[in-house]
Amino acid sequence: MYKITLYRKAAEPEEIPLQSGQLSIGRDDSNDIVIDDPVVSRRHAKISLADNRWVIDDLNSTNGTCVNSQAVVHKKLHPGDTIKIGDCEMRFEPQTGACSDYSASESTIAYHRGYRDKEQAAPRHRTRDKAIPPGRRTAAWLLSLLPILTWLPNYDKDNLKNDLIAGITVTAMLIPQGMAYALLAGLPPIYGLYASIAPPLVYAIFGTSRQLSVAPVALDSLLVASGVGAIAVLGSDQYLVLVVVLAAMVGLIQLLMGLARLGMVVNFLSYPVLTGFITAAALIIGFSQLKHLFGVPLPQTYFIPKTIYAAIEQAGNINYITLAIGLGSILVIKFVKRIHKKIPGAITAVVIATLLVWLFGLDQHGVQIVGTVPAGLPSPGLPQFNTKNILDLLPIALTIALVGFSEAIAVAKVYASKNNYRVDANQELIALGMANITGSLLKGYPVSGGVSRSAVNAQSGSKTPLSSIITAVLIAVALLLFTPAFYYIPKAVLAAVIMSAVMSLIDTDEIKYLFSVKKSEGLLLVLTTLATLGFGIIEGLALGIVSSILLFISLNTRPNTALLGRLPNTNIFRNVDNYPEAEQIEGLVILRIDASYYFANTEFLKDKLYEIVENCDHPLKAIILDASSINDLDSSANKALHEIARDYKRRHIELYIAGLKAPIREVMKRSKLYEVLGADHFFFTIDAAVKRYQLKHGQ
């Protein structure tokens, strides 16, 4: 057995035996170890038993967990390891003099340790440093709310060159990309630049990622056109008003979610659903640009067959100069990327195409151009909220808030992992919310973290969010000084920028990977893709989420089960189907059901336990239920266990339960299952239960 020894300032060390299989650590009072320190997260870390080894897991805390002075996310613990969380230091050590848990039940161990009242829950262990001054608490709160304060005051000037290069490179990419995405959203191109001033600047203040580039993205732009386009005519004054209101609503939703610590809601967008949705959206986006690529009017639709049919009907009216500019621009973007990843292919294509239009007067030959772009910064103004606008926009606002956050946090985590730092999902919600709210004050539309821009930002050497601040400043300078240069930009080159960007969103390798790993998830991806293409953007995403939840419920109503045996000369128990050498014990069955027990799988649980009794080849004397995989136990399942226990008693079959987690044990105690079975039928390990059985039956 092991223990955790707590060391605090001006206090005697405290010893906490690791007896429940899991120990939670954090600032919230519900934790087993409560550390009242503002730099400690509410649920900071946990120590648990996994495969007969004690491990520590950081629970996505704000300031991290250190073992032996090294930041860790998941680590196996060894005797003598020192854990540091906030100002609290803990040591993982063997517990001397403890009764062996391999030969005794929980109640026996508790008795030998001096816990006389076996039915009373173990006390919480609090580490409260009352000497923490109020000023330090305020400083810690400010650091968590404003991450810029963690890096700007101590900015390393050696990083300035890299951040400057990254900021300039992203600006060169963002100017054509922002204008192109605005067109995709059904907005004048200038709105893409308006949405690229405040958001990256505000994100640099509130965000925790050092490489994420926040500005307009293709997916959000498509959702804007799809959602707002169903309420108002694209490009109309009402449309422009609603888009700005939508940005504010998206920001407010994300901000409230962040303040409420709801970063986990992104889990509702499972990876197959999100991949399928992005794949479908990329196809819709690509085909929606055919009108700009061909230079012909096509109906505004997100149903690809209609777009293709309309394009075929207009084949005789294609402007071949426009088509040549569009296809040539795609080739330039791809060619430049092959030469060097740091060269901005989009701006190169835009410059070449714009010069050609200007030099040869191609706008007089049917080539559509951006035209006059208003000079100067946008005038600040409040969005025009009213009840009807809010109700009409709420579904699309919720969708963009979730999808935008999912895309941003996925990209942020990739670069955080590569650069050895952590991002806080809840703080990211706050940062994106503030970026969208401030963007709406300057005529912006919804923004998120872009995959391609963030990749360019990282590849260009970005070390801190200063690169985003530089980008925001340069976009503002471009609006003040260089808007006349945008006049001759052909819309075909902006279509090429969009199509080149969304091509990378269709990842065939990931689709193959999902099918190879688990066919059910591959089919879920296909279902989401087809639903989005067939029924619409929001409808397809909703259907994908519902299907994902139904798949999860279905799998949990009939979870995996395993009959366990002991590996020769060990105290390790494994599935006898996977390990034929595992030895089973006469008169004893060891069963593991890999799921939490709740109303949906209660009948399956009862049927499985009764099936074991009926199909046993020899007289059954006892069943050991390996409860290590039970993370939750509801009233329906608990009642079923009571029925099973009573039935087994009538049949003279003993029911032992091993490996319970502390919260589940407490449920069983409150429901009196401990009394029904007897406290000596609960064990910390399977091996302890087996030895008790063998001792009782003389084996």
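The model is predicted, with local features requiring pLDDT of at least 70 and side-chain atom pairs counted only at pLDDT 80 or more, whereas totals for chains, interfaces and linings use all residues. Residues are numbered from 1 along each chain as its sequence is written, and side-chain values use heavy atoms, with hydrogens and water left out.

V351, I352, L355, L356, W358, L359 and F360 make a nonpolar patch of about 700 Å². Patch members have over 30% relative accessible area and no salt bridge, and nonpolar side chains are joined within 5 Å; a salt bridge would be a Lys or Arg side-chain nitrogen within 4 Å of an Asp or Glu carboxyl oxygen. Areas come from the Shrake-Rupley method with a 1.4 Å probe. One member, L356, belongs to helix α13, residues 345-360 (helices are DSSP runs of H or I with at least four residues, strands runs of E with at least two). L356 counts as partly exposed because its relative accessibility is 37%, given that buried means under 20%, exposed over 50% and partly exposed in between.

Turning to the rings, there are 7 aromatic pairs, with ring centres within 6.5 Å and planes classed as stacked under 30 degrees, edge-to-face over 60 and tilted for the rest.

The cysteines form 0 disulfides, a disulfide being two cysteine sulfur atoms within 2.5 Å. For C66, the nearest cysteine sulfur is that of C88, 13 Å away. C66 is partly exposed at 26%, while C88 is buried at 3%.

Finally, the backbone deserves a glance. Most residues other than glycine have a negative phi. N60, however, has a positive phi of about 60 degrees and lies in the loop between β6 (53-58) and β7 (65-67). K672 likewise has a positive phi, about 75 degrees, in the loop between α24 (662-670) and α25 (673-677). N60 is partly exposed at 31%, and K672 is partly exposed at 44%.

Terms used: Patch = residues over 30% accessible without salt bridge, like charges linked within 9 Å, V, L, I, M, F, W, Y side chains within 5 Å. Buried < 20%, exposed > 50% of the residue type's maximum accessible area, 1.4 Å probe, protein only. Phe/Tyr/Trp six-rings, centres within 6.5 Å; stacked < 30°, edge-to-face > 60°.
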